[in-house]
Amino acid sequence: MCGIFGYIGRSEATPILIDGLRRLEYRGYDSAGVATLANGVMELRKCAGQIASLTQMVQKDPPHGTSGIGHTRWATHGRVTDENAHPHLDQSGKLALIHNGVIENFQQLRDQLLSHGHTFRSETDTEVLAHLIGYIFDGMGGPRNKQNLLDAFRLALKQVIGTYGLALFHVDVPDVVLGARRGSPLILGVGKGQNFIVSDVSAIVAHTRDVVYLDDYDVVSIERNQFDIVSLAGADISFQVSKVDFTTEDVDKGAYPHYMLKEIFEQPNAMRDAMRGRLSTEECTAKLGGLNMSSRELRDVDRIVLTACGTALHAARLGECLIESLAQIPTEVEFASEFRYRNMPMNKDTLVFAISQSGETIDTLAALRESKRKGHRTLGICNSVGSTIPRESDGGVYMHAGPEIGVAATKSFTSQVVVLTLLALLLGRIRHLSSAQGIEAISALESLPDLARQVLDESARIEELAGKYTDAAGFLFFGRQYNYPIALEGALKLKEISYKFAEGHPSAELKHGVIALVGPDVPSIMIAPDDAVYEKNINTLEQIKARKGRVIAIATEGRKQIAGLADDIICIPKCPDFISPILAVIPLQLFAYHLAVKLGCDVDKPRNLAKSVTVE
Ligand code: F6R
C-alpha cells in the first residue's frame with residue numbers, strides 16, 4: 001500500500017532510492033517516483049508503471065543530490081497516471097511530498113486551497129497535503145529554517161483527517177528530510193553520516209540495522225548526522241533504537257526466480273523457527289511467554305475470538321478447529337473488517353487475537369483497537385517485528401517466519417497455523433489434554449518440517465501437472481473440517497496470482513448449489529487426506545466425476561482408491577489429522593505458483609494487489 005523511502009547522507013541519493021524502492025515494490029507497483037535535492041535545485045522523475053520504468057527514466061537523465069525521497073504507489077485516490085505518481089509538489093514547486101495512506105478530508109482542504117488561488121496537477125489527496133504544508137510554511141513569514149518547516153508540517157497535519165506515513169523536503173531548507181506517521185507504518189533508519197525514513201525495514205537493512213519504529217503522531221526530522229523525534233504537539237518524546245534481526249540475504253531472492261517460490265521452500269525452516277524454544281517435552285505442552293498471561297488467567301478464558309484478513313483469516317479458521325478440538329474452548333473467527341463495525345457480544349473472559357503477517361493491516365489494527373477500547377485482553381500473532389499490532393496489543397506471539405516479500409502469503413500462513421497449534425496445545429494442556437496426548441502432539445509438530453520438505457520435493461511433478469490445466473476456465477476447491485480452510489486458501493492463492501476464477505467450499509456443500517459449476521472446463525481440487533472424513537470426501541469426488549468434472553486430489557500416499565478415481569493425484573505423507581492441513585496447503589501453493597508462471601503472470605507482483613493493506 002505504497003512504499004516510502006527518504007534519505008539524507010553523503011552518497012548520491014538516486015541509486016539508494018531506486019534500490020530501496022525495488023525492495024518496497026511489493027507494497028505497490030502502479031507508479032513510482034523520486035525527487036532529489038542538489039545545490040538548491042530539486043530534480044523530480046516519476047511515471048506510471050513499475051520501478052523498472054522509473055529506473056530507465058533515471059538512467060537516461062539521473063537526478064543528482066545527496067538527499068531525496070522516493071515512492072512506489074498502490075493507487076487509492078486517482079487513477080494510475082504519471083501525474084498521480086508521487087512525489088507531489090506544493091504550489092511553489094519547492095516542497096516535495098510522498099505519502100502512504102488516505103487523507104479523508106482532502107476535498108474540503110482542496111476547496112480551501114482553491115479559494116486561495118492554488119492549482120492542482122493531479123487527482124490525489126497527497127498533492128492537497130503538499131500544498132497545505134507549503135501554504136502554511138510560506139505564510140509563516142519567519143526564517144526559512146528547519147524549525148519553521150517542522151512547525152508548518154505539524155500545523156498542517158493537525159488539520160488532516162485520515163491516515164498517513166509521509167516524507168518531505170523543501171528546497172529552502174536543504175539539509176533536512178521530515179517524516180510523520182498516523183495509521184501507516186514508518187521507520188527511522190539510523191546510519192553513520194546518513195539517516196533514512198522508510199515504510200519497511202527490509203528496504204534499509206543493506207545500509208543499517210539500527211532502527212526506531214515510529215509511533216502514530218510522531219514527527220521525525222533527519223539530517224546527515226542527527227535526527228529528532230517530536231510529537232504532533234511539538235513535545236520531545238522518548239524512543240528506543242532497536243536492532244533488526246535479519247540481513248540483506250533474507251530479503252534477496254537468492255537463486256530463486258521469484259520471492260514466492262523462495263518463501264514456499266523456506267517453510268520447513270520457518271516452521272522450525274515458529275516452534276523453536278516453545279515446546280516442552282518435560283511438561284508435555286507448548287510455552288508462549290509473550291502472551292503475558294498466567295496459567296490461571298488462561299484457564300479462565302471461556303471464549304476466543306480470532307480476527308484477521310485474507311490468508312491470515314484462513315489461518316484463523318484453522319485455529320478455530322484446532323482450539324476447539326484440542327482445548328474445547330468455544331472459538332469464533334471474524335473478518336477484521338466486520339469485527340471493527342460489529343457489536344459482537346463478548347464477556348470479560350473472552351480473549352481476542354489479531355492475526356497479521358505484516359502487523360500493519362488497517363482493518364486488523366482497527367479490530368484490535370476496538371476490542372481494546374471495550375476492555376478486552378487483545379493479543380497479536382504477527383510476523384513483522386516492531387510493527388503496530390504487536391506494539392499495541394497486550395501481548396502475543398511472533399511467528400519468526402522472516403521477511404515475506406512475495407505478495408501472495410505462503411510461509412506466513414503455515415507459520416500462523418503452527419503458532420495457533422502451539423496455542424491450542426497450551427490451552428488444551430491446562431484443561432483436559434493428558435500428558436500422553438501432549439507428547440503425541442509435540443512429536444507430530446516436531447516431525448512437521450521434515451514432512452513438509454518431502455512435499456516440496458514434489459515441486460517438479462506439480463509443475464508438470466499445472467501444465468495440463470492451463471486451459472481451465474476456473475477451479476473449485478473442496479475440503480472438510482481441518483481442510484476446509486485449506487480449500488479457501490488454495491483458491492485464494494490461485495486467483496491472486498493466476499487470475500483464474502477459483503472458489504473454496506466445504507466438500508459437502510457441493511450438492512447444495514456449487515455442483516452447477518462442475519464440468520470439464522472447471523476442474524476441482526479435492527483435499528482428501530487420510531482423516532476422519534476421508535470416505536465422505538470420496539463421496540463428493542464420485543459426484544464430481546459423475547458430472548464429467550476433472551479432479552486433482554491431494555491425498556495421503558498409498559491410498560489406492562482415491563488414486564483410481566481422481567484424474568491426477570498429489571500425495572502428502574501420512575500424519576495426524578491436525579497436521580494434514582499444513583502439509584496439504586503446500587502442493588496448492590506450488591500448483592498456483594507453477595500455473596501462474598506458465599500463464600506468464602507476474603507472481604511476485606500480481607495485478608491490483610499490494611502486500612500490506614494499510615488503507616481501509
Ligand atoms: C493473500 C494475502 C492477503 C493477506 C491479507 C492480510 O496472499 O497476502 O490476503 O493475507 O491482506 O495481511 P496481513 O497478514 O499482513 O494482515
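Three bridges join strand β22 (residues 474–479) to β24, and the two strands run parallel. That pairing is a handy way into this structure, which is a predicted model.

**Around strand β24**

- Is β24 mostly covered or mostly open? Strand β24 (residues 524–528) is mostly covered, with five of its five residues buried.
- Here's a general idea to keep in mind: in a regular strand, side chains alternate between the two faces of the sheet.
- In β24, S524, M526 and A528 sit on one side, while I525 and I527 sit on the other, and all of them are buried.

**The largest nonpolar core**

- As a rule, nonpolar side chains in soluble globular proteins tend to be buried together.
- The largest nonpolar core here has 93 residues, and F475 and F591 touch the most other members.
- Which helix gives the most to this core? That would be helix α20 (residues 580–598), with 12 residues.
- Leaving out residues up to four places away in sequence, F475 touches a whole list of others, including L494, F501, V522, I525, F591 and L595.
- The list for F475 also has K500 and E503 among its members.

**Helix α14**

- You can check the length of helix α14 (residues 411–429) yourself: at 1.5 Å a residue, its 19 residues should span 27 Å, and its end C-alpha atoms are 27 Å apart, so the two values agree.
- Because 18 of the 19 residues of α14 are buried, this helix is largely enclosed by the rest of the structure.

**T311 in helix α10**

- T311 has its place in helix α10 (residues 310–327).
- Why does T311 count as buried? Its relative accessibility is 9%, and the cut-off for buried is under 20%.
- The side chain of T311 makes a polar contact with the side chain of K493, at 2.9 Å.
- Not counting residues up to four places away in sequence, T311 touches A409, F413, Q416, E489, L492 and K493.

**The antiparallel sheet**

- Now for another sheet: eight strands form an open one in the order β3-β2-β4-β1-β10-β9-β11-β14, with antiparallel pairing.
- Which strands are at the edges? They are β3 (41–48) and β14 (242–243), each of which pairs on one side only.
- Strand β11 (residues 210–213) pairs with β14 in the antiparallel sense over two bridges.
- Within that pairing, D210 stands opposite K243 in β14.

**G68 in strand β4**

- G68 is found in strand β4 (residues 67–73).
- With a relative accessible area of 0%, G68 is buried.
- Setting aside neighbours within four places in sequence, G68 is in contact with F5, G6, Y7, A13, L17, A35, T36 and F169.
- How far apart are the C-alpha atoms of G68 and E249? They are separated by 26 Å, and the two residues are 181 residues apart along the chain.

Methods
Residues numbered from 1 in each chain as written. Predicted model: local features only at pLDDT ≥ 70, side-chain atom pairs only at ≥ 80, totals over all residues. Heavy atoms only, no water. Buried < 20%, exposed > 50% of the residue type's maximum accessible area, 1.4 Å probe, protein only. Helix = DSSP H or I, 4+ residues; strand = E, 2+ residues; numbered from the N terminus. Pairing = 2+ DSSP bridges. Expected span 1.5 Å × (residues − 1). Core = buried A, V, L, I, M, F, W, Y, C linked by side-chain atoms within 4.5 Å. Contact = heavy atoms within 4.5 Å. Polar contact = N/O pair within 3.5 Å; in protein donor to acceptor, adjacent residues only side chain to side chain.
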